[in-house]
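Me: I have a model open and some labels to check. Can we go through them one by one?

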Amino acid sequence: MLLPEKKSIRIGIMGGTFDPIHNGHLVTAEEALVQFELDKVFFVPTGYPPHKEERKSLDPVERYLMTVIATASNPHFEVSKIEIDRKGLSFTVDTVREFRKNYGAEAEIFFITGADAILEIIAWKNADKLAEMCKFIAATRPGYCLKKFEELHVLPYENKEPEPGKPKIYMMEIPALAISSTDIRKRVSHKYPIRYLVPEGVANYVLKRGFYR
Ligand code: NAP
């Protein structure tokens, strides 16, 4: 992999709706931490995502709390409320800009999320500004088809530098992403167990608050 030599602080921003957070997300963050030699991964639950009008997500504060519960024991993981405290829709460009302001021009920033979400982000209007501020790590489930990335000519960064002006995207296959938030919500609504798919504290919190029934 063409990972430049580490010269400064390297942080990961793990964006997601986390409705709910599950073990696939945690494995993704841990894998990115190790593979990309990150110093920290900040989980950033979305406030009101710009692309989600069809299904109303759980209250942002509840998704944030579940993310805190899930990550509490890992000293390299933090959770940021930045998108929840910001009024209006959650745009990734605003979030990365804020981290860039806090960590300075020298910091290397990797925005980590699901591959399909990255396709949406780079199709967005401020994508070129975002591409100047960070690199991307696209997490995929096994068997993920890269055709959509090929069509946009943004394909990976495995062996060659991307064309100038194109986003820098690393692909990372995560078998644990066989777990999905959609499936977990369905399981809860059918009264199937979610133990071992989400951290125990999250499973207990979902049950206690009666989410997704
Ligand atoms: P989504 O559309 O709900 O998810 C797309 C796919 O990616 C799903 O399979 C999802 O699985 C997976 N996924 C989501 N977050 C992941 C993560 N952190 N690690 C691994 N897989 C992940 O995506 P979303 O959660 O709403 O959005 C993801 C991020 O992209 C958020 O930070 C959002 O703000 C950002 N985004 C920004 C824009 C924009 O700025 N214009 C547009 C789109 C998305 P699960 O359902 O199991 O998580």
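Me: Which loop holds Phe18?

Reply: This is a predicted model. In it, Phe18 sits in the loop between β1 and α1.

Me: What makes the backbone of Phe18 worth a remark?

Reply: Phe18 has a positive phi, about 50°, although it is not a glycine.

Me: How do you know that the peptide bond joining Asp19 and Pro20 is cis?

Reply: Look at omega. For the bond between Asp19 and Pro20 it is about 0°, and the bond is cis. Pro20 also belongs to the loop between β1 and α1.

Me: What is the strand order of the open sheet?

Reply: The sheet has 6 strands in the order β3-β2-β1-β4-β5-β6, and the pairing is parallel.

Me: Why are β3 and β6 called edge strands?

Reply: Each pairs on one side only. β3 covers 77-79 and β6 covers 169-173. Neighbouring strands in this sheet are turned by 25° against each other on average, direction ignored.

Me: How do you know that β1 and β2 count as paired?

Reply: Pairing takes at least two bridges. Strand β1 (residues 10-16) and strand β2 (residues 40-45) have 6 bridges, in the parallel sense. As one example, Met14 has Phe43 in β2 as its bridge partner.

Me: Which strands does helix α5 touch?

Reply: Helix α5 (residues 115-122) packs on the sheet and touches β4, β5 and β6. Its direction makes about 115° with that of β4.

Me: Why is α2 called roughly antiparallel to α9?

Reply: Angles over 145 degrees count as roughly antiparallel. Helix α2 (residues 60-71) and helix α9 (residues 200-209) pack at about 150°. So α2 is roughly antiparallel to α9. Their axes are 8 Å apart.

Me: Which residues meet where α2 packs on α9?

Reply: From α2 come Glu62, Leu65, Met66, Ile69 and Ala70. From α9 come Gly201, Val202, Tyr205, Val206 and Arg209. By class, this contact has 7 nonpolar, 1 polar and 2 charged residues. Gly counts as polar.

Me: What is the volume of the second largest pocket?

Reply: The second largest pocket has a volume of about 380 Å³. It is lined by 16 residues, and the closest to its centre are Tyr192, Pro193, Ile194, Ala203 and Leu207.

Me: Which elements give two or more residues to that lining?

Reply: Helices α8 (181-189) and α9 do. α9 gives the most, with 5 residues.

Me: What is the make-up of the lining of the second largest pocket by class?

Reply: The lining has 8 nonpolar, 3 polar and 5 charged residues.

Technical notes
Residues numbered from 1 in each chain as written. Predicted model: local features only at pLDDT ≥ 70, side-chain atom pairs only at ≥ 80, totals over all residues. Heavy atoms only, no water. Axes fitted to C-alpha atoms, helices over the stretch in contact; angles between N-to-C directions. Helix = DSSP H or I, 4+ residues; strand = E, 2+ residues; numbered from the N terminus. Parallel < 35°, antiparallel > 145°, perpendicular 65-115°, else oblique. Contact = heavy atoms within 4.5 Å. 1 Å grid on protein atoms, 1.4 Å probe; cavity = no way out; pocket = protein on both sides within 12 Å on 5 of 7 lines; lining within 4 Å. Points joined across faces, edges and corners; volume = space filled by probe spheres on them.
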